[in-house]
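Biologist: I would like to go through the terms behind this model with you. Could you tie each one to its definition as we go?

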Amino acid sequence: MEKLASCLVVGLSTGCIYSLVAIGFVLIYKSSGVLNFAQGAILILGAYIFYSFSVQLGLPMPLAIFLALVFGALLGYGLERFILDRLIGQPVLAIILLTLAFSELLKGTMYLAWGTDLISAPRLFPQGNINFGNLATIDYSQLAFIIITFVLVVLFAVFYNKTKIGLAMKATADDTIAAANVGIKVRKVFAVTWIISCITAAAGGILVTNVMGIHYNVAEIGFKAMAVALVGGLESLTGIIVIGPILGIVEFLAAAYLDPLVGGGMRDLAPFIILLIVLIVRPYGVFGWERIERI
Amino acid sequence: MWRPSGLFHINYRQEIAFIQTPAQWVWLVIGLILAYTLPLFMPMILWDYLIKSWVTIAAVLGLSILTGICGQISLGHTAFMAVGAFVGAILLDHGVPLIPALIAAGLAGGLVGLIFGLPALRIKGFYLAFATLAAFYIIEFALIHYFGGEVGHAVPPTNMFGFNFDSDLRIYYLVVSVTLLLTYCSKNITRSKWGRAFVAIRDHDIAANTLGVNIYFYKLMAFFIGCFYAGVSGLLLSIYMGWASVDHYPLSNCIWYLGMLIVGGMHNISGAYLGVFFILGIEQIGIAMAPVFAEWFPAKAGSMIGTVPILFVGLTLVLFILFEPRGLVHRWEIIKTSFRLFPFSH
Amino acid sequence: MLNLVNVEVKYHEVILVLRGVSLQVEKGQMVSLLGANGAGKTTLLKAVSGILIPEDGRVTDGYIEFEGRRIDRLEPFDVAEAGILQVMEGRRIFEHLTAEENLLTGAILHGNGRTKQDLEKVYAYFPKLLQVRKRTAGYLSGGEQQMVVIGRALMGRPQMLLLDEPSLGLAPILIREIFDILRNINRDNRIGMLVVEQNAKIALERTQYGYVMENGRIVLDGPAERLKENEDIKEFYLGYAEKEKKRSYRDFKHYSRRKRWL
């Protein structure tokens, strides 16, 4: 029983991080149709930058976090300005490949700058946990993940559904050229999108490496976040918020109960198996929009 | 396809022939001779590059059929190579002769590819790419846990009709022969009814469906063929390395292979050749430059050899996608055309 | 007033599509632009609204002015801000948004408070939209979609509308209805309109002035009344033929020789 409870807690909090990163991914996709496979690399880059500012340069933690997020924003703006322009209208493969290649490039740069050893991140949240009787305990950091994600998601939902920029983002996502025609500043929409997305990725990276340590392999969380986005449906915010924690919980349950049977590794595999099943059964995700394709 | 004026096609056979002019016969013969004698001109340290290139060409040819011509994006290609390598290694270990082992490796890769290509019947584009990524992880997991993957299998020395492939040079001949054969098959596929069906599916699969092309069958066949090539290529690589292990087939290679397709030119076979030689060449340059970088950053000298090639290749890929997304083949066509039309520009 | 002077447009730097086109649309005037497929009509509209660049097209000679200001190198957003909005060929609706959200996207341009009144004005012109406003736009019928995109353009408070084949794929009775509404919009708000049309009959009936394009050039222009009576127009765009004469091939060639007056 305790095992189940601890799986739930850990899965819930990790899943929240997946949702956070997935939001950024989906944002970029919804507005510009670009699939940012480099989301994971940006995530871990944010963590490395935070580490640089706080440990290597000795700056106070809030400042280091702020600077890492600013760096994320600048990176997002830079990517939009110099790379995205050329990607609009290109076939899907070119877009996927560009972001993939870019992530490999980032990987090389990170190896160069910070080496390939696991670095432990400066602790963000106090030690200790809350006990719910004998049933479950939740770490302060896990609690923080959940709360921070919740707040950010609510903020974002309000922004997306109730503001003009949100509507502009939705329109641009549907038909970029028609949006330009209607008088929407498409470049501005893209810039906002990428900036938000990179900030959420960096934030997610800073949070998650607090628990997992800083190493390039953590970038694989990017793929898991993408899986969350796909299972939830690439156009649906609700989908991501719901599916993230669910997938997180499933992942840890699978690790706890199935690992002994298959010899380990289920934690990384479970999201992908679920993804495949969902893609076959409901191709556009549980909450996704169907492609309206008329010939 | 450009032909000099005065050369007309008067029947279908002529139109689809590979060699259209006598000059092309000459180039073909020269090319074949060059392919087989290349290692004799090159210093021995480059033989690794040559063998790896030909093996990669075999794999990328498969990807070219699957992704370039049929438009089904596959991010899991190296997993199917690994499948072929393992199956082949196990068979060779049990004394199966080389050619059946190669064919079996291909079939294994193709069948697994077919199974994991089933999602293609319902999804496309990015969703499919991700499904193939999932396939990669699942296959890798299965190989590691059920087939002894991380440690891998030793591949016994192979021979064909008594001709022992025991030196690098001989392995080179094996690899080149197999790849040339596969190239011939690819060209045949693309000029046949299947090739046309693939292109139709790539361009607009729903419209192809309404015109009577059985897109379900052809999509699965594209996966089968593409992964067949991957399986054969995987076994060839393992024969060369002497060892079949999951480490030889990492995820980043999938990215590089797709990159080679784009750099070379996605829509035709020569693109695979150009892309592979070019990208692997850049990687070699990166390896050669690693010591230079190590001097500039002495603190990180140890990791240079692993990271500099990645940086070079990644940068090349990014630049190509930004500035020449149609690849080297396109650029070559433009160069040829500008020479032909000189002094006019178009 | 919209003024195109000797505009030349090339795609991919080599494909010459517009060969020195000159055209004017006065304030509040409805002008139609006729011509067969491939004449360059859509390209002309795109040159005005600035959407050439994503398609690798450039205005390589001549200039385009609106109300005295040059607009031929502007981004689509700036052209929209200047007061010209385009209703694109094939409708280009935002499929996944509802009809009303589509209209609201048109209001993003002029973000200030009169959105609600603008919305009501659009519904007044297109009462049918009031019924379907909460439906996903991708599933609306062709006619409803056309109304949505015209309404969307209206929400941007344009001074001039560029309409690219508004009758494309619509039933004749609906075409009449939409053109009537367009005429009302034009009369009530003094919004100039440049209408590209294949359906020459309805275009010449409902607009005041007409231009005919062929192969990237304007070959004929004049008040719509006069164009309707023009023999060549009647034969090639309106489908009338002289009844008694039997046409032989030579007559066609004779015609095309005559047309090369430029």
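Modeller: Gladly, and domains come first: their bounds come from an automatic or database domain assignment. For chain B that assignment gives domain 1 (46-249) and domain 2 (251-346). Taken over C-alpha atoms, the centres of domain 1 of chain B and domain 2 of chain B are 22 Å apart. Please keep in mind that this is a predicted model, where local features need pLDDT of at least 70, side-chain atom pairs count only at pLDDT 80 or more, and totals for chains, interfaces and linings use all residues. Residues are numbered from 1 along each chain as its sequence is written, while chains are lettered from A and ligands numbered from 1 in the order in which they are written.

Biologist: What makes residues of domain 1 of chain B and domain 2 of chain B count as in contact?

Modeller: Two residues are in contact if their C-beta atoms, placed from the backbone, lie within 7 Å. By that rule the contact takes 23 residues from domain 1 of chain B and 18 residues from domain 2 of chain B. On the domain 1 side, H3(B) gives the most, with 13 residues. Helices here (H or I, at least four residues) and strands (E, at least two) are DSSP runs, numbered from the N terminus.

Biologist: Why is H10(B) called largely enclosed?

Modeller: A residue is buried if 20 or more other C-beta atoms lie within 10 Å of its own, exposed if 12 or fewer, and partly exposed in between, with C-beta atoms placed from the backbone. In H10(B), 11 of the 14 residues are buried, so the helix is largely enclosed by the rest of the structure. Among them are Cys254(B), Trp256(B) and Gly264(B).

Biologist: How do you know what span is expected for helix H10 (residues 251-264) of chain B?

Modeller: The expected span is 1.5 Å times one less than the number of residues. With 14 residues, 20 Å is expected for H10(B), and the helix reaches 20 Å from its first C-alpha to its last. Gly265(B) follows H10(B), and its phi is positive, near 130°.

Biologist: Which residues count as nonpolar, polar or charged, and how does the side of chain B that touches chain A divide?

Modeller: Ala, Val, Leu, Ile, Met, Phe, Trp, Tyr, Cys and Pro count as nonpolar, Asp, Glu, Lys and Arg as charged, and the others, Gly among them, as polar. There, 37 residues of chain B are in contact with 39 residues of chain A. H10 is one of the helices supplying at least two residues of that side of chain B, which divides into 26 nonpolar, nine polar and two charged.
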